[in-house]
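I am opening my notebook on a new structure today. Come along as I look things up one by one.

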Amino acid sequence: MDEFLNDTYVSIFKRWIMLQGTDMGLVEKENRISLENDSVESYITFNDNNIMEFCVYNKVKDNMDFYLHFQMKNLKHAISLFEEMKTTIDKINTKPYINVILCCSGGLTTSFFAQKINETVELLDLNIHISAVGYHILYQIKDKYDIVLLAPQISYELAQTKALLRNKIVKEIPAGVFAKYDVQAILDIIKNSINQTQKIENSNNETCISFKRNTKLKETVLCLSLYKNNHHNYINYRVYRHQHIKLEKEIVKNSISLNDIIDICLLDYPKIQKIAISIPGFVDNGQVLSTFVENGNCHLKDILEKKYKIQTIISNDVNSAALGYYASQNQYDSLCFLFQPIGLDAGLGTVIDGKLITGNSYLAGEVKFLPLELSQPKEELFVTPKGILEAMSLS
């Protein structure tokens, strides 16, 4: 009898969690309920014998902040544990961590310094996390960090780094501070930089939308933009209603399920009339060949329209960007839009007299197939600003 009741309790508890988690963005899939954003990766796993696992991983600190497993005995106990887990998640989400990277020629000398700073940060319970890398990979991982501090031995790169990382705070570590591993001095530099970071974020909060060449949207449209940079998959999605943004979010994860995101959006906006998807890879009349989404080699348009009964439009990401820029201005009737992500092949979107050039089987714009005479292999060239400039100039 107790086992039967526990099975029932687990089913009720799972349903209760999903009802409580509407604003949290919880996703249910098979025997797991999960949540992931820029700061947190969390899940609740339902195992055999009514055993459950609760996990909260702090992505900023690269640390497990909450983990337990227990067997369902009664609902009150399970709910209290869920509330503890939710409190941990809320604390991580609402406490804005500042990610700082110390950068030298190889990353060795700064690693010890970063370790000493992190030890002090832990003792003082500061919302700062320090990492150390070599300069040669800085541009591959730059999006993870708010502040970049260059060691004295590469201070000659300061001007170029500032120019290329315009939305970041980039500073030089004074030689005296670096030589003495002066942790307090570094924390003072970071504290002063945080104020500058906040000013940058505030200046970038405004959203402007202008479609000078497009007719006004009169429908409710879900737009999803998938792209890859620095070895991460990103998806930005918006819900437009009468040309106004009603919802805007970003997801960063290894694999992306479009169904999960569409399902979530339809819960709050059930009257979505069109779905527009911008995706890397080959897109030929709804047939998609891409490694960016689950089951990415399929006729995605037919699959989504059959499931949701909503008109779906799918386009290559760089072609979408080219058309978007074309629609936002009146100066040019023809243009080329070149996208060169760090560590990946370039893509080119071309608009001639208002028409997108797609080529045979939509192969136009696949720059990686051009016979470029590069000075180094692509995988080595594409990780530095100078190498990317060389590749772009030849493209």
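**Entry 1: the overall picture**

I began with a definition: helices (H or I, at least four residues) and strands (E, at least two) are DSSP runs, numbered from the N terminus. With that in hand, I counted twelve helices and 20 strands in the chain. I also noted that this is a predicted model.

Next I looked up burial. Of the 395 residues in the chain, 41% are buried. I then turned to contacts with a separation of 6 or more, and found that 54% of them join residues 24 or more positions apart.

**Entry 2: the second largest pocket**

How much space lies in the second largest pocket? I found about 680 Å³. Its lining is made of 32 residues, and the closest to the centre are P280, G281, N316, D317 and E366. I looked up which elements give two or more residues to this lining, and they are β10 (220–229), β14 (282–284), β17 (311–316), α10 (317–327) and β19 (347–352). By class, I noted 16 nonpolar, eleven polar and five charged residues in the lining of the second largest pocket.

I placed D317 in helix α10. Is D317 buried or exposed? I take D317 as buried because its relative accessibility is 13%, and the cut-off for buried is under 20%.

I then listed the partners of D317. Leaving aside neighbours within four places in sequence, D317 is in contact with L226, S278, I279 and P280. The side chains of D317 and N316 are joined by a polar contact of 3.4 Å.

What does N316 do at the N-terminal end of α10? I found that N316 caps this end, with a side-chain oxygen 3.0 Å from the backbone nitrogen of V318.

I also checked burial along the helix. The buried residues I found in α10 are D317, V318, N319, A322, Y326 and A327.

**Entry 3: the cavity**

How many cavities of 30 Å³ or more does the structure hold? I found one. The largest cavity has about 70 Å³ of space. Twelve residues line the largest cavity, and L26, S42, I44, M85 and I89 are the closest to its centre.

I looked up where this lining comes from. At least two residues each are supplied by β2 (32–36), β3 (40–46) and α2 (75–94). The largest share, four residues, comes from α2. By class, I wrote down nine nonpolar, two polar and one charged for the lining of the largest cavity.

**Entry 4: E250**

I found E250 in strand β12 (residues 244–253).

Which residues does E250 touch, leaving aside neighbours within four places in sequence? My list reads D38, Y227, Y234, I235 and N236. With N236 there is also a polar contact between side chains, at 3.4 Å. I looked up R238 as well: E250 and R238 are twelve residues apart in sequence, and their C-alpha atoms are 9.0 Å apart in space.

**Entry 5: cysteines**

How many disulfides does a search of the whole structure find? I got zero. I still looked up two cysteines. C55 is buried, with a relative accessible area of 1%, whereas C223 is partly exposed at 25%.

**Entry 6: positive phi**

I first reminded myself that most residues other than glycine have a negative phi. Then I looked at two asparagines with a positive value. N49 has a phi near 60°, and I found N49 in the loop between β3 and β4 (51–58). For N285, phi is near 55°, and N285 sits in the loop between β14 and β15 (287–289).

Are these two buried or exposed? N49 counts as exposed because its relative accessibility is 59%, and N285 counts as exposed because its value is 55%. The cut-off I used for exposed is over 50%.

Conventions. Residues are numbered from 1 along each chain as its sequence is written. This is a predicted model: local features need pLDDT of at least 70, side-chain atom pairs count only at pLDDT 80 or more; totals for chains, interfaces and linings use all residues. Side-chain values use heavy atoms; hydrogens and water are left out. On a 1 Å grid over the protein atoms alone, a cavity is a set of points where a 1.4 Å probe fits but cannot get out, and a pocket is an open set with protein on both sides within 12 Å along at least five of seven lines; lining residues have an atom within 4 Å of a point. Grid points are joined across faces, edges and corners, and a volume is the space filled by probe spheres set on the points. Ala, Val, Leu, Ile, Met, Phe, Trp, Tyr, Cys and Pro count as nonpolar, Asp, Glu, Lys and Arg as charged, and the others, Gly among them, as polar. Buried means under 20% relative accessible area, exposed over 50%, partly exposed in between (1.4 Å probe, protein chains only). A polar contact is a pair of N or O atoms within 3.5 Å; within protein, one must be able to donate a hydrogen and the other to accept it, and residues adjacent in sequence count only if both atoms are side-chain atoms. Contact means heavy atoms within 4.5 Å. A disulfide is a pair of cysteine sulfur atoms within 2.5 Å.
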